[in-house]
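Trainee: I have a structure open and want to learn how to read it. Where do we start?

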Amino acid sequence: MLRLSLRHISEVYLYEYYKNPDEYEISDTDLARPHIDKANMLLSEQRNNEALQEYLAAVMENPVSFEAVSGIIICCKRLGDIEGAYKYTKEMYNICCTRAELATYYRNMGWYYLEKYDPDLSAALYRFSTFLVESEAAEQEIKYLETALNKPMGRENSEEIIEILKQNNIPTGPSNITLALLIKAGEEAEDSGNYIQANDCYMMVYDLTQDDEIGDRITRIKNIM
């Protein structure tokens, strides 16, 4: 039977919905972590092919590890695999559970469309990422585009940016399915008395939505913990 290193109830919900697996069991130890740690070291040494293999191994152990998928994308970028980076960026979207992770998704999309010679869409994506989390890297990419094309880039207001993304069939916020899965995971954890993981799930949803009802759930759990 397949053994996976799903370490949190949120990962279980995401995995079961998005991967639609056959039977599996959860390992007692985190088998993905050693691969990620080794990959991070290799990446820092510019050993990109070797790092890629370790990140891929980590994803085999935990298919919904945002850190592992993000590492794969970095390796694909460094190795010039544009379509590989795009493939994993699309997969990344469904497992974005915080504003920072969602901003990473939009920066990766901005990188892809820059490589595909669509600078206006690229700038819009980089700018949209900064609406979620301020990023010097995104600002530098926009400045690069402005210098290269000698015109203002990514200066549209939020409504205009959103319209650009919609016209290109790019989501303009977190996945509603992912949000629902996180809420369900939080409810299950809360019902079983696992208040730490319940709080984690609700905090992720609140980070993405600022929803008052979710905020009330967080307050209730913190009063219990």
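**A helix pair and a pocket**

Mentor: Start with a helix pair. Helix 4 and helix 6 cross with a left-handed sense. Keep in mind that this model is predicted.

Trainee: At what angle do helix 4 and helix 6 pack, and how far apart are their axes?

Mentor: The angle is about 20°, and the axes of helix 4 and helix 6 lie 12 Å apart. Angles under 35 degrees count as roughly parallel. Helix 4 and helix 6 are therefore roughly parallel to each other.

Trainee: Which residues meet between helix 4 and helix 6?

Mentor: Helix 4 brings F66, S70, I73 and K77. Helix 6 answers with E101, T104, N108 and W111. Sorted by class, this contact holds three nonpolar, three polar and two charged residues.

Trainee: Now empty space. How is that found?

Mentor: Roll a probe the size of a water molecule over the atoms, and it shows where empty space is left. Here, the largest pocket has a volume of about 220 Å³.

Trainee: How many residues line the largest pocket, and which are closest to its centre?

Mentor: The lining has 13 residues, and S10, E11, V64, C97 and E101 are the closest to the centre. E101 also belongs to the helix 4 and helix 6 contact.

Trainee: Which helix gives the most to the lining of the largest pocket?

Mentor: Helix 1, with three residues. Helix 1 spans 9-19, and helix 4, at 66-78, also supplies at least two lining residues.

Trainee: What classes do the lining residues of the largest pocket fall into?

Mentor: Six are nonpolar, four polar and three charged.

Note on methods
Residues are numbered from 1 along each chain as its sequence is written. This is a predicted model: local features need pLDDT of at least 70, side-chain atom pairs count only at pLDDT 80 or more; totals for chains, interfaces and linings use all residues. Side-chain values use heavy atoms; hydrogens and water are left out. On a 1 Å grid over the protein atoms alone, a cavity is a set of points where a 1.4 Å probe fits but cannot get out, and a pocket is an open set with protein on both sides within 12 Å along at least five of seven lines; lining residues have an atom within 4 Å of a point. Grid points are joined across faces, edges and corners, and a volume is the space filled by probe spheres set on the points. Helices (H or I, at least four residues) and strands (E, at least two) are DSSP runs, numbered from the N terminus. Ala, Val, Leu, Ile, Met, Phe, Trp, Tyr, Cys and Pro count as nonpolar, Asp, Glu, Lys and Arg as charged, and the others, Gly among them, as polar. Axes are lines fitted to C-alpha atoms, for helices over the stretch in contact, and angles run from 0 to 180 degrees between N-to-C directions. Angles under 35 degrees count as roughly parallel, over 145 as roughly antiparallel, 65 to 115 as roughly perpendicular and the rest as oblique. A crossing is left-handed if the near helix is turned anticlockwise from the far one by less than a right angle, and right-handed if clockwise. Contact means heavy atoms within 4.5 Å.
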